[in-house]
Amino acid sequence: MHWSHTRASVAFVAAMLLLVTHQADAQPSRVGGYVGSSMATISEGDDVVVTGAEASVSPSRRIGLQFGVWMNRPLTSVFSLQPELHYTQKGVRYEAAFADGGDLGFPTSAELSLNLAYLEVPLLLRADLGRAGTSTRPFLVAGPTLAYRMSCTLGVDAGLFSFSSDCDSAEEEEGASLDLASTDVGGTVGAGLSMRRGTRDYTAMLRYTRGLRSLSSAQNGVTNRNLSVLVGIGF
């Protein structure tokens, strides 16, 4: 199944490159940047993060930072190819109540967090709606996203004490492994508004990225899910 996702991503990229090749008379490319907030969670992540004790677990989103750059290559007056490069913080947080005290030996509650950071490459097809030439146009984006994990930390906040540790260090100390993949493949969809002022484009957008492969080799269905609110400028 992972191979089919990879082949689909490669096919999409190849198709977009062919379109660019056959549109030599298209408008000049534009470049720009985004900055915003990432609201992330991980499906089925409690079985990976919360282990070793019976616990009542309430997941919540991890609020993080997202920023990056993009290049937009027009194909027609409506469609364009938009590859991007992003730094995105993902992960998940849990409010866990340990009925048996967990590993601490007494009843307690704690906030547990899995903090991930990725270098992402979204390869998006963009459709600018509305009348061409107007200063304000809504737009849609969709396409695959390839990601490389840059960091991973585990955090515990139990009130009386708190600590965080690199995932690899935690695995060595506990003698266990989270089995988290270093790469991810996902799909991204989004919508936004672009406003042209002189030679600059100001954009605001909402996008959703969902992982298409399990992050854990030991368990299926452990996937990244991320909602982003971004604002940007293009030149």
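Modeller: One term comes first: Ala, Val, Leu, Ile, Met, Phe, Trp, Tyr, Cys and Pro count as nonpolar, Asp, Glu, Lys and Arg as charged, and the others, Gly among them, as polar. Please note also that this is a predicted model.

Biologist: How does the lining of the second largest pocket divide into nonpolar, polar and charged residues?

Modeller: Rolling a probe the size of a water molecule over the atoms shows where empty space is left. Here, the second largest pocket holds about 490 Å³ of space. The lining comprises 23 residues, and those closest to the centre are Gln 27, Asp 128, Arg 137, Arg 196 and Asp 201. By class, the lining has six nonpolar, 11 polar and six charged residues.

Biologist: Which element gives the most to the lining of the second largest pocket?

Modeller: Strand β3 does, with three residues. The elements that give two or more residues to this lining are β3 (62-74), β4 (79-98), β5 (108-128), β6, β8 (183-197) and β9.

Biologist: Let us turn to strand pairing. With which strands does β10 pair, and in what sense?

Modeller: Two strands pair if at least two bridges are found between them by DSSP. In this model, β10 (residues 223-234) pairs with β1 (residues 30-43) in the antiparallel sense over 12 bridges. Strand β9 (residues 200-211) also pairs with β10 in the antiparallel sense, over 10 bridges. Gly 232 of β10 illustrates both pairings: this glycine is the bridge partner of Tyr 34, and Thr 203 stands opposite Gly 232 as well.

Biologist: Is Thr 203 buried or exposed?

Modeller: Buried means under 20% relative accessible area. Thr 203, which lies in strand β9, has 5% relative accessibility and therefore counts as buried. Leaving aside neighbours within four places in sequence, Thr 203 is in contact with Tyr 34, Phe 139, Leu 193, Ser 194, Leu 230, Val 231, Gly 232 and Ile 233.

Biologist: Why is the disulfide of Cys 152 and Cys 167 called left-handed?

Modeller: The torsion about the S-S bond is about -65°, so the disulfide is left-handed. Cys 152 is buried at a relative accessible area of 4%, and Cys 167 counts as buried at 3% relative accessibility.

Notes. Residues are numbered from 1 along each chain as its sequence is written. This is a predicted model: local features need pLDDT of at least 70, side-chain atom pairs count only at pLDDT 80 or more; totals for chains, interfaces and linings use all residues. Side-chain values use heavy atoms; hydrogens and water are left out. Helices (H or I, at least four residues) and strands (E, at least two) are DSSP runs, numbered from the N terminus. A disulfide is a pair of cysteine sulfur atoms within 2.5 Å. Buried means under 20% relative accessible area, exposed over 50%, partly exposed in between (1.4 Å probe, protein chains only). On a 1 Å grid over the protein atoms alone, a cavity is a set of points where a 1.4 Å probe fits but cannot get out, and a pocket is an open set with protein on both sides within 12 Å along at least five of seven lines; lining residues have an atom within 4 Å of a point. Grid points are joined across faces, edges and corners, and a volume is the space filled by probe spheres set on the points. Contact means heavy atoms within 4.5 Å.
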